[in-house]
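Hello,

Here is the structure I promised to pass on. My notes on its aromatic rings follow below.

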Amino acid sequence: MRLRATVAAVSGALALSALAVPAAHAADGGSSYRAGALEAVAQHTSGRTAFTATSAPIGDLKVSFSDFKITKAIKVGTTDKVTTWVTYKMTHAADIDVTDGSVLTGPLIYRGSAEDPENVQGGQNPATCTATSATTATCKGPIDINPRETDADLKLRNAQAGTWHGAALALDFENEKSAVQFDLGTTLVQRNSTLTVNASPEPVKKGGTLTVTGKLSRANWEDHKYHGYTGQSVKLQFRKKGSSTYTTLKTVKTDSTGSLKTTTKATADGYYRFSFAGTTSTPTVSAAGDFVDVR
């Protein structure tokens, strides 16, 4: 992973000055911030064992973070970059000016432990902060996840789907200081799922047998394709014409290709769908209802 590679490159006696980017470049809010953020995380995790459960800020910049709020789950497919916005509170020393372009902050999420993360994702750009007092600010920043990342060290792996942890950092490029705080919250980073359904024959006689087929698939971050999700319980549901509520008829398991097949009796005009409750690695998904005319 990028973090481990960076740790190897900057571990030991590396000073924070090696992380610094000239202030004129820090203000660009783009690649300089991203590079500085990754290296700062590496600097503060390198050579450490375990952090305390409260995970106080680590570094020489006098800041701390709280009220970290992030969505419960981030669904990542095979093509499009996904941006999730995070809000948090930054408490800082009175001599730190959050409006100064040389002081940048942003949220991060990481997979694994704080002392040895498997992967770290952050924003292409830093957060925007608004001062609420001389020593506090409210901030909002992005987490950008690109399933088509070409850098092997930042690339998502299928095994990394599941629970990720929140962190935040601040970089003072002019004074060559930084701080990172871990374990601020959690979110799920999930392999996006799709679900199809087809009920036949259409139309069907009342009391006749309907065959309902479909397929549950999820994103593979390593080959950028969707593959069947095997051995999963999926509900077959029915919504009568004119109603807004689906009722579960039965539960079916996906086969070795992620496919579904079952039968049911046709009782009235309405919509049939499959619905999947989701797992920690894969989000909930329901197929669009397939209307069947019963005669």
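A charge sits over a ring if NZ of Lys or CZ of Arg is within 6 Å of the ring centre and within 35 degrees of the ring normal. Arg239 does this with Tyr271: its charged end is 4.2 Å from the ring centre. Lys140 lies over the face of Trp85, 5.6 Å from the centre of that ring.

Some ground rules. This is a predicted model, where local features need pLDDT of at least 70, side-chain atom pairs count only at pLDDT 80 or more, and totals for chains, interfaces and linings use all residues. Residues are numbered from 1 along each chain as its sequence is written, and side-chain values use heavy atoms, leaving out hydrogens and water.

Now the ring pairs. Rings of Phe, Tyr and Trp (its six-membered ring) pair if their centres lie within 6.5 Å; planes under 30 degrees apart are stacked, over 60 edge-to-face, the rest tilted. The count is 6 aromatic pairs. One of them is Phe65 with Tyr88, edge-to-face, at 5.7 Å centre to centre and 70 degrees between the planes. Phe65 lies in strand β2 (residues 63-69) and Tyr88 in strand β4 (residues 82-92), so the pair ties together parts 23 residues apart in sequence. Strands are DSSP runs of E, at least two residues, numbered from the N terminus.

Phe65 is buried, at 5% relative accessible area. Tyr88 is buried too, at 4%. Buried means under 20% relative accessible area (1.4 Å probe, protein chains only). Phe65, Phe68 and Tyr88 form one aromatic cluster.

Best wishes

Terms used. Helices (H or I, at least four residues) and strands (E, at least two) are DSSP runs, numbered from the N terminus. Buried means under 20% relative accessible area, exposed over 50%, partly exposed in between (1.4 Å probe, protein chains only).
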